[in-house]
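Please walk me through this structure.

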Amino acid sequence: MEGPREKTTAEKSTETSKRVRMMIKDLAQRAHEARAAGDPIAYLFISSCYDDILRAMDITTVGTENYAGLCAAKMSAEQYLAKAESEGYQRHLCTYATCGLGFDATRRELGGMPPNAPDGGMEQPTVMLGTGMMICDPRYKWYQATRRYTDAPVHVLGLLNPPAYYTHVDIKDVRNYYIRYIVQELYELVDFLERHTGRRLNMDRLAEVVDLSEKTIKVWHDIYELRKAVPAPMPTEDALNAMVPGYFMMGTQLAYDFYRELYDEIKHRVDNKIGTIPDEKYRLLWALSLPPWYALVIFNYFESQGAVFPIEVVYHPPPPVDIPANVTNPIERMAWRFYDSMTRGHEKARKRSGDTNVEWFLDMIDEYKLDGVVFHQAMTCRTIHTGQLHQINIFKKYSDKPVLLLEGDIIDVRNYNQAATHDKVDAFIETLEAYKAKNS
Amino acid sequence: MKFDASMVADIYQDRGKRVRELSAAGRGGVGYFCSLTPVEIITAAGLVPFRLAGSMSEPIREAHSYLETIACPFTRSALDVGLSGAYSFLDGYVVPHACDNIVKLYELWLHNIPHKYCHFVNVPHTTSRPSMEFFIEELRTFKASLELYTGQEIGAEKLRQAIDAHNKQRRLVQKIYGYRKQDPPPVSGSDMTRLLMSVMSLPVEEGNALLEAFESEIAALPRSADGKVPRIMLCGTGNEDTTFISMLEGSGARVVIDDLCFGTKPFWFEVGNGEDPLASLARSYLNDVHCPRTFRYDQRSHQDDLEVRFGHIASLAREFEVNGIIYYSVLYCDTHAFDVPDIREYLESQKLPVMFVEEEYPVSSLERLRTRVEAFLEMVG
């Protein structure tokens, strides 16, 4: 297969999001310093409900999916993928995971950090925090497998949510025991962390962190409201950078300040009608698809054809939560936040399409004034990239907007063909043009 | 009941026949996926639990339009069978939260296959105390959904009776497996697969009668003796079809025991029948069904961890005196594929030779596999 051109990252439009690369380097540096000081370090996944606890316990975190993405963007992933394959992990497994496993196997084999590892490499964890969710098996299998290469203990946090629809159950009847489960599991996590890191959780400190997180989510969410403007003030490639403070630094003043600053910049762009590209012809939705981290420049290719992505479904901020006033315990607030974000679209879905994701697409089409939808099928991710055809089938029952399905992977460039991708984009632009002409 | 070999063959050929008859007479069937669905609750509701599967003999036709080729081919095949209408005799279906692939099937069946009833049982990934408490509540919800569907209350006594009946079934299955400790075993791996798939297509009491008749038959068989043939254990994912096992046995292996989704997994435990039947079910299905989707863990050391996760395989291998293990996984089964380096290390530490096979569903290249299998059998024989 043909590889991508040399440039992998996309040009950003907003000044604030350009700062994120330096923030990622700082995150890595903090982990190196924690290691040198003997402070605890946790491997973790995004969107796993536990960030506020880690922040309150002052445990340094290493986002392993994020590191795989960084390796892909720096074209350094292949050596780790190859190492994982030589260890017996199949090429079709999640390449976030196999990149991480390959990295950890290499570090173990060398007895130290692999040379030229991006940002100095991932530090040895003290603990590894998996999650048992409904959306991603690698979230518990990956760290279980990583024990081959590190002595760090693993904890898997149970995080479940009900499906949108049953024929003979009212979802309201299950809510309490789902939330109770998440609360109990978070307490189990605290117990695990206290045993293995020597840190103690102070509930007052956690309450402060949870408050700060909720404030941060609110500002982050407000930015996404501003993104509805025409022309698009902040495109998807910027959002894929700007999500880093929200997903890897939540509960810190740094994340809050970042989103305040980003809000001000986007507000200025909206007020002054500053768009991503000079002549915005087509506005597109990046649907429920992880991006090709080694080829984010694809967004600039769309832009060169007059198409911009004002919004995307992935790495969206969680919606501000409706937590009952009597829920004041910070761990309970965290559980409510998770449950609410995972079930918020259920009622609406039951009333129409039956699919929460499709409802989201349809809402965004209206709210962000979109002309079409683009999916990316990441070949090694069965978490959210199976069922895309099903989503497209349902979507087409309610909208005639053109849909494009690209193929590639999150990390493994061997699954990507740039020329074929460009051909598909070119043909899609023609379809958009024809659709607009027909409906004008 | 007097056993006749054609009984199993007939059921296996047309697995839905008995449920269709019963359904016409007013006792419906509920399809279910995976060994994690507590079938006792379906039985207690007066319905027939019917194990859903794909088709090894039919190529995928319609499912291509709904589910990508990167999805587990077993789930794609099962969806295809569902889309064809072949399961239309069922009242509905139950999908447990087993793995990402099976979870996806819930949405796909819900939208695309007509049903009167459907339910999702959320099975935690861990065996922690909160997970157990949650799972009890989840089973209470499952029971309530069936009560609403049938209009009949499922009391504790009905649940206990169902648990007893299914426990009896498990004991019978284990007893029949026990005969396979003999050398040569009177029951082949292919025969066992056909028998179990037939049992999982019948009401529990009829399945038990079939097992009893089968057991009487093999108990009366004279013991034979023949030359030394490698005794093989088959582990891994589901494979309800006999194509692969028949090839193994045709290549000179004796498949004497397994750790498979359509083999021992749903039968190698007994549910306690304590004061709260739902708590008993939750404990057994969460703790005793050995599937890599349930996170089991021993933090003392990597070796202890491997023992917790795979010790049951070595234990069965020793009990049935196997010469080697074939670990068969359907393509894109992430939960099994992540385990491969660990299980290889563990089985080698136990001096158990192992061969890994990852295959499409249906099996795409039997002759290529045969060459590998023959080489493996020669090595362990």
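**A covered strand, then the interface**

In chain B, strand E8 (residues 354-359) is mostly covered, with five of its six residues buried. Buried means under 20% relative accessible area, exposed over 50%, and partly exposed in between (1.4 Å probe, protein chains only). Helices (H or I, at least four residues) and strands (E, at least two) are DSSP runs, numbered from the N terminus.

This is a predicted model, where local features need pLDDT of at least 70, side-chain atom pairs count only at pLDDT 80 or more, and totals for chains, interfaces and linings use all residues. Residues are numbered from 1 along each chain as its sequence is written, chains are lettered from A and ligands numbered from 1 in the order in which they are written, and side-chain values use heavy atoms, with hydrogens and water left out.

E8(B) has a partner. Strand E7 (residues 324-330) of chain B pairs with E8(B) in the parallel sense, over six bridges. Two strands pair if DSSP finds at least two bridges between them. Within this pairing, Tyr327(B) has Phe356(B) as its bridge partner.

Most residues other than glycine have a negative phi, and most peptide bonds are trans. Glu321(B) has a positive phi of about 50 degrees. Glu321(B) sits in the loop between helix H12 (302-319) and E7 of chain B, and is exposed at 58% relative accessible area. Lys351(B) has a positive phi of about 60 degrees. Its loop runs between helix H14 (340-349) and E8 of chain B, and Lys351(B) is exposed at 72%.

Cis peptide bonds come next. One joins Val230(A) and Pro231(A), with omega about 0 degrees. Another joins Asp183(B) and Pro184(B), with omega about 5 degrees.

Now turn to where the chains meet. Which residues are in contact? On chain A there are 63, touching 66 of chain B; contact means heavy atoms within 4.5 Å. The area buried between the two chains is about 5300 Å², and carbon and sulfur atoms give 57% of that. Buried area is the accessible area (1.4 Å probe) that two parts lose on being put together, summed over both. Arg147(A), His168(A) and Arg382(A) supply 14% of the area that chain A buries against chain B, more than any other three residues.

A salt bridge is a side-chain nitrogen of Lys or Arg within 4 Å of a carboxyl oxygen of Asp or Glu. One joins Arg382(A) and Asp334(B) at 2.9 Å, N to O.
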